[in-house]
Amino acid sequence: MVNGAAIPVIGLGTWTLKGEVCSELVMHALSLGYRHLDTASTYENESAVGEGLRFSSVPRDEVFVTTKVWLTQLAPGDLERSAEESLNRLGLDTVDLLLIHWPNPEIPLAASIKALNAVRDCGMARHIGVSNFPTELLAEAVRLSNAPLVANQVEYHPYLDQIKVHTACRAAGMAMVAYSPLGRGEALFEQPAIRDAAERHRKSRAQVVLRWHVQQEGVVAIPRTERKERLAENIDLFDFELSCEEMAAISCLRSRNLRIYDRDYSPKWDEPA
């Protein structure tokens, strides 16, 4: 529970998933026990995500749905319209979490946070938060918001140091939601800390990395996959536990501080976020 929101610690990331492939993956994920779906207006798949949710056998009130407002739509009026358009595409009356997708230095943060609160106040979103906010900007957003912010979604995996952001989220009672939690490519999985833990626990290397995420207080992971067999693997994390030594060995990999995504959408901050 983070600032009143119960966010499932494993969710389905849907970036790049489109059309029928997306809706079928959403339906299959829900059949496997996923109860957290993550999308965004700029992903251009909200309709497919909503279709997968409607055609599943899982009641709407059992699924935590997150979407995001793009950085060009953060001005008052624009943000509310974007939220309403997202709801129309999703086919929902409300989302569980609405995030500012990226900060925009051209639009005053106070105005964006006020509009975000207005969306929550009118019932279009049960909870609100931000994404890709570094610590100083996160602190400002928390200060400006009348309602509690419940999450900051950021890139996070064993190769990227996000200690500052994670600490700031915990101090504010927020979750840090990790996108790209498995990094990119097989190089990460070849690290002895991950390979050896997988062998000891008879789990896949991806499962070890995702278990590393969920054993950290206040961390939520939203892995994305196009393969149905990986959906089952990515949520099968709750029958084993990494030791303190295993957790520490994986955490040591963050000294590489390798980021997958560039920061063209936001100012050049001097710390991970």
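Analyst: First the cut-offs: buried means under 20% relative accessible area, exposed over 50%, and partly exposed in between, with a 1.4 Å probe and protein chains only. This is a predicted model, so local features need pLDDT of at least 70 and side-chain atom pairs count only at pLDDT 80 or more, while totals for chains, interfaces and linings use all residues. Residues are numbered from 1 along each chain as its sequence is written, and side-chain values use heavy atoms, with hydrogens and water left out.

User: OK, serine 82: buried or exposed?

Analyst: Buried, because its relative accessible area is 4%.

User: Where is serine 82, and what is it in contact with?

Analyst: Serine 82 is in helix α3. Helices here are DSSP runs of H or I with at least four residues, strands are runs of E with at least two, and both are numbered from the N terminus. Setting aside neighbours within four places in sequence, serine 82 contacts Ser41, Val69 and Gln73, where contact means heavy atoms within 4.5 Å.

User: And alanine 75, where's that?

Analyst: In the loop between β3 (64-69) and α3 (78-90). Alanine 75 touches Glu80 and Ile107, if you don't count residues up to four places away in sequence.

User: How far is alanine 75 from asparagine 234?

Analyst: They are 37 Å apart in space, C-alpha to C-alpha, and 159 residues apart in sequence.

User: Switching topic: how many disulfides?

Analyst: A search of the whole structure turns up 0, a disulfide being a pair of cysteine sulfur atoms within 2.5 Å. For cysteine 244, the nearest cysteine sulfur is that of cysteine 252, 13 Å away.

User: Is cysteine 244 buried or exposed?

Analyst: Exposed, because its relative accessibility is 65%.

User: Now the whole chain. How many helices and strands?

Analyst: The protein chain has 10 helices and 8 strands. Its radius of gyration is 18 Å, close to the 19 Å from the globule rule for 273 residues, so the chain is as compact as a globular protein of that length. That radius is taken over C-alpha atoms, and the rule is 2.2 Å times the number of residues to the power 0.38.

User: What box do the C-alpha atoms fill?

Analyst: Roughly 55 × 45 × 30 Å along the principal axes.

User: What share of the residues counts as buried?

Analyst: 55% of the 273. As for contacts with a separation of 6 or more, 76% come from residues 24 or more positions apart.
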